Amino acid sequence: MAQKTAVEGWFSVEPPALVGTRCAACGTPYFPRNEMACRNPGCAGAKDGSELEPYTFSTRGKIWSYADSRYKPPAPYISPEPFRPYVVAAVELEAEKIVVLGQVVPGVTVDDLAVGQEVELTVGTLYTDGEDDYLAWMWRPAS
């Protein structure tokens, strides 16, 4: 089976990292990728059509919030059959101070997590279609 990213261009697999953009003038980061112009109202470059550059995000952060997902989400989300409950976490990235939502690795429950707990980015299988494994970024407790 081949491995493919579930969302093209949003993250890298080796090494695991979220990929976005940032403003060349003020450094404001954007995830997912922003292709238009800086949206930071305090950026002088936003008024002039500042340049956005590719940016790789930090891979560690702290849990801001988390929850159990015990129901199968509607399309276009694709989940494994049979559906297995999973945990999601909103994580404030250490360096950028933005919050990114993502699944938590299988086997970790809400009882294993706490607000403020340090986590790190990894990649795991979101679903399999019989031919390929589709990968997504996930959070796991930091070692």
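Buried means under 20% relative accessible area, exposed over 50%, and partly exposed in between, with a 1.4 Å probe and protein chains only. This is a predicted model, in which local features need pLDDT of at least 70 and side-chain atom pairs count only at pLDDT 80 or more, while totals for chains, interfaces and linings use all residues. Residues are numbered from 1 along each chain as its sequence is written, and side-chain values use heavy atoms, with hydrogens and water left out.

**View 1. Overall fold of the chain.** The chain has one helix and ten strands, in the order β-β-β-β-α-β-β-β-β-β-β along the sequence. Helices (H or I, at least four residues) and strands (E, at least two) are DSSP runs, numbered from the N terminus. The C-alpha trace spans about 50 × 35 × 30 Å along its principal axes. Of the 143 residues, 40% count as buried. Contact means heavy atoms within 4.5 Å; among contacts between residues at least 6 apart in sequence, 55% join residues at least 24 apart.

**View 2. The loop that holds Ala-25.** Ala-25 lies in the loop between strand 3 (17-23) and strand 4 (29-30). Ala-25 is exposed, with a relative accessible area of 57%. In sequence Ala-25 and Ala-44 are 19 residues apart, and their C-alpha atoms are 7.5 Å apart in space.

**View 3. Cysteines without a disulfide.** A disulfide is a pair of cysteine sulfur atoms within 2.5 Å, and a search of the whole structure finds zero. For Cys-38 the closest cysteine sulfur is that of Cys-26, at 3.7 Å, which is too far for a bond. For Cys-43 the closest is also in Cys-26, at 3.6 Å, again too far for a bond. Cys-38 is buried at 7% relative accessible area, and Cys-43 is buried at 2%.

**View 4. The largest nonpolar core.** A nonpolar core is a set of buried Ala, Val, Leu, Ile, Met, Phe, Trp, Tyr and Cys residues joined through side-chain atoms within 4.5 Å. The largest one has 21 residues, of which Leu-18, Val-100, Val-104, Trp-137 and Trp-139 touch the most other members. Two or more residues of this core come from each of strand 7 (86-93), strand 8 (99-104), strand 9 (118-128) and strand 10 (132-141). Apart from it lies another core, of five residues, including Cys-23, Cys-38, Cys-43 and Leu-52. Leaving aside residues up to four places away in sequence, the contacts of Leu-18 include Phe-11, Phe-31, Val-100 and Trp-137.

**View 5. Aromatic pairs.** Rings of Phe, Tyr and Trp (its six-membered ring) pair if their centres lie within 6.5 Å; planes under 30 degrees apart count as stacked, over 60 as edge-to-face and the rest as tilted. The structure holds eight aromatic pairs. Trp-10 and Phe-31 are edge-to-face, 5.6 Å centre to centre with 75° between the planes. Trp-10 is in the loop between strand 1 (2-5) and strand 2 (11-12) and Phe-31 in the loop between strand 4 and helix 1 (44-48), so this pair ties together parts 21 residues apart in sequence. Trp-10 is partly exposed at 31% relative accessibility, whereas Phe-31 is buried at 18%. Phe-11 and Trp-137 are also edge-to-face, at 5.7 Å and 70°. Phe-11 is in strand 2 and Trp-137 in strand 10, so the pair ties together parts 126 residues apart in sequence.
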